[in-house]
There are 2 protein chains.
Amino acid sequence: MKLGIIGLGLIGGSIALDLKRSGFALEVFGFDSQKDHINDALRLGLIDEALSLRSICQRVDLLVLAVPVDVIVKLLPQVMTDIEENCTVTDVGSTKFKIIDCIKDHKNRKNYVAAHPMAGTEFSGPTAAHRGLFYSKALVICNEEDSGKVHLEKVQNMFTHLGMRILKMDAKDHDLHAAYVSHLSHISSFILANTVLDKEKDHNTIFNLASAGFESTVRLAKSSPEMWNPIFEQNQKFILQALAAYIDHLNQFYEHLKNSNTIETKNIMKKSNEIKRVLVQLQTNSLGMNSNAK
Amino acid sequence: MKLGIIGLGLIGGSIALDLKRSGFALEVFGFDSQKDHINDALRLGLIDEALSLRSICQRVDLLVLAVPVDVIVKLLPQVMTDIEENCTVTDVGSTKFKIIDCIKDHKNRKNYVAAHPMAGTEFSGPTAAHRGLFYSKALVICNEEDSGKVHLEKVQNMFTHLGMRILKMDAKDHDLHAAYVSHLSHISSFILANTVLDKEKDHNTIFNLASAGFESTVRLAKSSPEMWNPIFEQNQKFILQALAAYIDHLNQFYEHLKNSNTIETKNIMKKSNEIKRVLVQLQTNSLGMNSNAK
């Protein structure tokens, strides 16, 4: 299988590494708009050869778009026109409705499979790429009925080689759930960092007092604005809904605290504790994947 | 040195483990209101002997109160009355002003040193105790001028044996900074978990889609309501201030997002990214401690 990766960052680079190692990809061709990313990707052995955008569309069996979601909607229509007849195209964007929408009437629509691997770190660029990033994580495929059977199988096969659990979902459902389970936690983290930085003008205080708990909660605030701004833009409607709900819950807690209503504040925390069960399930699942590892 | 620990949970148990190992404590006596905590602490070797509250005050050179902050303000005045002349008392509460206030006129005030180790995990109870919990973390001592020199030295010596960096601060300053750097991140995490659980009534969706990013951001939502409710109560004023600032920042982000003002949302994220520098400093400091490890 000849694999093409457009966008040689954390996600694109990590996909290339694992698929080369597993034998799924015999050759990996790469494109990136940043020259230094191409150089890093070649130096780190993420790709075998760098090609132009046009050439990569014509040389591969499977093409992965691993660029920010605003770049995906710009490139995808042209890419779908430039590919060879049997080439399959997929993407890793954190939004699905707008991406699918931008090629919904394209003559090669069946060659495209909309995907979102729920994995990543707060780091970016080819030097952040590493093995096993996707292992045991969820991969969402959206609107599978609009993809050709052979293309769907090729993409499922690829993500299975990365060790992912495959879920199927309607694009709008995906975008709604992603707003709550992924996008909102990035905003809560970005804004927590902002609030604390704003108050603690003397950053030494944060440096001196911050513990592992604070570090964990603001970890996502290190994420790339170039990647996240377009996600917030494309999933605006559902994110506004999730953010409004979060602010409502915070306002309620604020009022209970102000009124010294300790029964209510305690009840809220007890309800929050239910997240334990969910996270334990996550870990159990991950262990299950490990024990079944090939 | 004979050490007494009142409250045999994560913090009290971890202190006992490390001080016994380092040789700072020759004997460790413990008290807990929960019988099963005492049994666990004895079985796990956290303490050598369980004593009554009254006996422990009379048998030790140094007494650590490691109970929730509402219990500290209840026990501390009586403990300060019951101790022998040379006994030193300290605590590990996450608030300092109200605790200091409850014994400000006590005849043995000089025997007490107000302390707050900025360390912990989301787990609780004696079985959560482990070695190295405090290593390289910050220890804040408040209003040191009100403590006797010999008592201050004993407590500093104890926390230095745990590998902590000692900082001195006024109690009100401590409570203000703790509200922003510690207490607020617990609320943001509790409420994020609450918002998502409320929306995703079918918890399987969270289980299926949640990634490491979400897990990191809601980690603190697993924390004990019994421990945190009294902290929120005692530090109400500063926490309300910090929470109001957080909600303001979230509302501003919401408006920018609603108005598709991508320049502003990006600027906010870029500012949030400055937390990277702070967290790198934290890690560098921690590495520095390790290279100087005894």
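This is a predicted model: local features need pLDDT of at least 70, side-chain atom pairs count only at pLDDT 80 or more; totals for chains, interfaces and linings use all residues.
**View 1. The stretch of chain A at residues 290-294, where pLDDT stays under 50.** Chain A as a whole has a mean pLDDT of 93, with 96% of its residues reaching 70 or more. Local features need pLDDT of at least 70 and side-chain atom pairs count only at pLDDT 80 or more, whereas totals for chains, interfaces and linings use all residues. Residues are numbered from 1 along each chain as its sequence is written, and chains are lettered from A and ligands numbered from 1 in the order in which they are written.

**View 2. Helix α7 of chain A and its kink.** Helix α7(A), residues 171-199, reaches 40 Å from its first C-alpha to its last, close to the 42 Å expected at 1.5 Å a residue (1.5 Å times one less than its number of residues); helices are DSSP runs of H or I with at least four residues, numbered from the N terminus. A kink of about 50° is centred on Ala179(A), the bend being the angle between axes fitted to the seven residues ending there and the seven starting there.

**View 3. The side of chain A that touches chain B.** Here 80 residues of chain A are in contact with 80 residues of chain B, and α7(A) gives the most to this side of chain A, with 18 residues. The predictor gives the complex an ipTM of 0.92 and a pTM of 0.92.

Terms used:
Helices (H or I, at least four residues) and strands (E, at least two) are DSSP runs, numbered from the N terminus. Two residues are in contact if their C-beta atoms, placed from the backbone, lie within 7 Å. pLDDT is the predictor's confidence in each residue, from 0 to 100.
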